[in-house]
Amino acid sequence: MDVKKLFYLLCALVIFTTLNTNVVSASGFASSKEKVKENILDNKVSIAHRGASGYAPEHTFYAYDKSHKEFNADYIELDLQMTKDGNLIAMHDEDVERTTGHKGRVEDYTTQELKQMDVGSWFNKKYPKYAKKEYKGAKIPTLEEILDRYGDNANYYIETKSPDVYPGMEEKLLHSLKQHNLLSNQKLNKGQVVIQSFSQESLLKVANMNNQIPLVQLVDKDKLSTFTSEDLKFISSYAIGVGPDYSDLDKQTVQKLHEYNLKVHPYTVNTEKDMKKMLNIDVDGVFSNYIDKYINLKNK
């Protein structure tokens, strides 16, 4: 083969290879970049407040299973307290009396002592419409038990409760999340874990340890209207959103928060009337004890 023919043959080969690569790449089969998975936080997320707590005892596996497996809520919401022996458990109140009937504070009991307490019977008495005999004797779950049970098949919306009472709870939380492989960039970019708190100090501490975790600043009722532009700018520097009382919101307020690139996740929206209002004013998701109702409404 002479040099000229060899040159033309090589040129043809280069052109064919280039065209073939472009066709394959355009079809998506040989793209070197994996398609970025959707971030669930970009949807109008359904956050099961303390699990499906309108139908089952709050912060028990009965409530979490119902919200996650039956209702397919976007998030299981957890409130964390810390035991005397330094374990994180799911309980809303610092005091155990409301849900256990016992006296005292969570921090005064060991995990084993708390595990002896019944956190289901109170629900049956207060909400006889939804009472079930199996709720009697329900146990307080630890964070580790929750993460072991659902793993990376669930999304978690976690509140650091009273972090001033429990120094070091943020470190323990992030350690547990890391141990369960929930702090990878892929998981965080999908919005699989969100940490929320009324304590700005606690959120800033988390941000300092890992600035990739989506954070939400909870806001006390009636406080949202007192925030200045500087306040909102500062919040948006460390948080992706705010969690105000739903009654503090109207369309104009939501629009203003969106101008600061803050998502709006109001609590606790339990009636269909209020859910419709929240959808109409364009919030980015809600906390609800009856999250199935919100899911049905937003999917209409």
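Welcome to the tour! Start by selecting Lys233: with a relative accessible area of 46%, Lys233 is partly exposed. Keep in mind as you click around that this is a predicted model.

**Stop 1**

Glu230 counts as exposed, at 53% relative accessibility. What does Lys233 form with Glu230? The two form a salt bridge, and their closest N and O atoms are 3.7 Å apart. Color helix 10, residues 229-238, and you will find both partners in it, three residues apart, or about one turn of the helix.

**Stop 2: a network**

Next, select Arg50, Glu58, Asp79, Asp93 and Arg98 together: salt bridges that share partners join these residues into one network. Zoom in on Glu58 and Arg98, whose side chains meet in a salt bridge with an N to O distance of 2.7 Å. This pair links distant parts of the chain, 40 residues apart. Glu58 sits in the loop between strand 1 and helix 2 (61-70), while Arg98 belongs to helix 3 (residues 97-100). Is Glu58 buried or exposed? Glu58 is buried, with a relative accessible area of 10%, whereas Arg98 is partly exposed at 36%.

**Stop 3: a tie across the chain**

Select Asp282 and Lys44. Their side chains also meet in a salt bridge, at 2.7 Å from N to O.

**Stop 4**

Which residues are buried in helix 12? They are Asp274, Met275 and Met278. These three cover an arc of only 105° around the axis, so they lie on the same side of helix 12. Then turn the view around: the face directed away from the buried side carries the exposed residues Lys273 and Asn280.

**Last stop: the whole model**

Zoom out to finish. How many salt bridges are there? The count comes to 20 salt bridges, and you have now visited some of them.

Key
Residues are numbered from 1 along each chain as its sequence is written. This is a predicted model: local features need pLDDT of at least 70, side-chain atom pairs count only at pLDDT 80 or more; totals for chains, interfaces and linings use all residues. Side-chain values use heavy atoms; hydrogens and water are left out. A salt bridge is a side-chain nitrogen of Lys or Arg within 4 Å of a carboxyl oxygen of Asp or Glu. Helices (H or I, at least four residues) and strands (E, at least two) are DSSP runs, numbered from the N terminus. Buried means under 20% relative accessible area, exposed over 50%, partly exposed in between (1.4 Å probe, protein chains only). The arc is that of the directions from the helix axis to the C-beta atoms.
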